Amino acid sequence: MQDVKLQFDKNTDFRIKEAFKTLRSNIEFCGDNVKVIAVTSCTPHEGKSSVAMEMAKAFAEAGNRTLLIDADMRKSVLVGRYKTGGVKLGLSHCLVGKYKYTDVICQTNVPHLYMIFSGPVPPNPSELLGSEKFSGMLGALKTPFSYVIIDTPPLGSVIDAAVVAKSCDGTVLVIENNAVSYRFVQKVKEQLDKSGSRVLGVVLNKVDMNSKGYYGNYGKYYGRYYGKYYGRYEAETKARDKEGKKNERYDTF
């Protein structure tokens with residue numbers, strides 16, 4: 001197994017963290033049989049790779065042994081965006097038969113989070129992702145991992161995501177706010193439906209939470225109030241514990 005250190009933005013907004021906790025909970029409520037999840041979008045630059053990473057990280061932080069697979073073998077962004085340190089083996093090495101899937105898994109510096117990076121760009125990514133080797137690998141990964149999150153290429157550009165979705169328990173569609181038309185989204189969803197994939201839901205991404213709209217103001221208020229509230233509560237609790245009242249019960253509401 002390879003080792004890799006991931007780098008994240010230390011100034012992540014409180015509302016973003018809460019959003020991914022909510023996304024994690026919603027997926028958990030989809031059922032115990034939803035373990036392998038594809039993430040795609042309509043077009044490039046909608047933020048699907050970031051959503052896939054943060055979603056996998058949210059599952060890992062909850063104590064779930066989670067694997068994130070970078071199946072965007074045509075134009076991966078995960079390596080350049082998050083990785084530090086060398087990774088010699090990736091998904092394409094495994095799918096062409098040179099290595100076993102256990103050889104290409106990376107253990108990260110995030111507890112319970114593992115990754116398989118895309119590897120060198122192959123000449124036939126759709127064929128490799130649609131192979132029995134790939135579907136068999138996903139089936140085998142359900143045993144050692146609680147969740148397997150797969151970052152796939154935009155379905156509005158290439159067919160790879162639909163090919164991957166056939167072997168998954170469900171798909172999450174990432175849509176950038178005010179960037180794609182309703183008709184285009186419907187066409188992408190129809191493609192997923194044809195693949196037999198269960199669409200678990202849609203993530204509306206890149207929403208301006210500081211806008212003057214109702215939800216923007218609410219989101220700003222929510223983050224400011226609850227972030228401050230829980231921060232104050234934590235400080236008060238530590239102070240009381242220091243006075244020897246660790247077994248005392250406090251009502252927070």
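Reply: The side chains of D169 and K142 meet in a salt bridge, with 3.2 Å from N to O; the term stands for a side-chain nitrogen of Lys or Arg within 4 Å of a carboxyl oxygen of Asp or Glu. This pair links distant parts of the chain, 27 residues apart: D169 lies in the loop between helix 8 (160–165) and strand 8 (170–176), and K142 in the loop between helix 7 (132–141) and strand 7. Helices (H or I, at least four residues) and strands (E, at least two) are DSSP runs, numbered from the N terminus. K142 counts as partly exposed because its relative accessibility is 39%; buried means under 20% relative accessible area, exposed over 50%, and partly exposed in between, with a 1.4 Å probe and protein chains only.

The model is predicted, so that local features need pLDDT of at least 70 and side-chain atom pairs count only at pLDDT 80 or more, whereas totals for chains, interfaces and linings use all residues. Residues are numbered from 1 along each chain as its sequence is written, and side-chain values use heavy atoms, with hydrogens and water left out.

A search of the whole structure finds seven salt bridges. Side chains of opposite charge can pair when their charged atoms come close. One of these pairs is formed by K21 and E18, at 3.6 Å from N to O. Because K21 and E18 are three residues apart in helix 1, about one helical turn separates them. K21 is partly exposed, with a relative accessible area of 38%. Helix 1 covers residues 14–28, and its 15 residues reach 21 Å from the first C-alpha to the last, close to the 21 Å expected at 1.5 Å a residue; the expected span is 1.5 Å times one less than the number of residues. The buried residues of helix 1 include R15, F20, L23, R24 and I27.

The side chains of K48 and D151 also meet in a salt bridge, at 2.9 Å from N to O. Here too the pair links distant parts of the chain: K48 belongs to helix 2 (residues 48–61) and D151 to strand 7, 103 residues apart. K48 is buried because its relative accessible area is 6%, and D151 counts as buried because its relative accessibility is 0%. Salt bridges link K48, D72 and D151 in a network.

On the K48 side, helix 2 is mostly covered, with 12 of its 14 residues buried. Among them, besides K48, are the charged residues E54 and K57. The 14 residues of helix 2 should span 20 Å at 1.5 Å a residue, and the end C-alpha atoms are 20 Å apart, which agrees. Just after helix 2, G63 takes a positive phi of about 95 degrees.

On the D151 side, strand 7 (residues 147–151) is mostly covered, as five of its five residues are buried. In a regular strand the side chains alternate between the two faces of the sheet. In strand 7, Y147, I149 and D151 point one way and V148 and I150 the other way. Strand 7 pairs with strand 2 (residues 36–41) in the parallel sense over four bridges; two strands pair if DSSP finds at least two bridges between them. Strand 3 (residues 66–70) runs parallel to strand 7 and is joined to it by five bridges, with L68 standing opposite I149.

Strand 3 also holds T66, which counts as buried because its relative accessibility is 0%. A polar atom of the T66 side chain lies 2.9 Å from the backbone oxygen of N64. Leaving aside residues up to four places away in sequence, T66 touches A56, F59, A60, H112, L113, Y114, F145, Y147 and I149; contact means heavy atoms within 4.5 Å.

Of the contacts with a separation of 6 or more, 81% are between residues 24 or more positions apart.

Notes:
A polar contact is a pair of N or O atoms within 3.5 Å; within protein, one must be able to donate a hydrogen and the other to accept it, and residues adjacent in sequence count only if both atoms are side-chain atoms.
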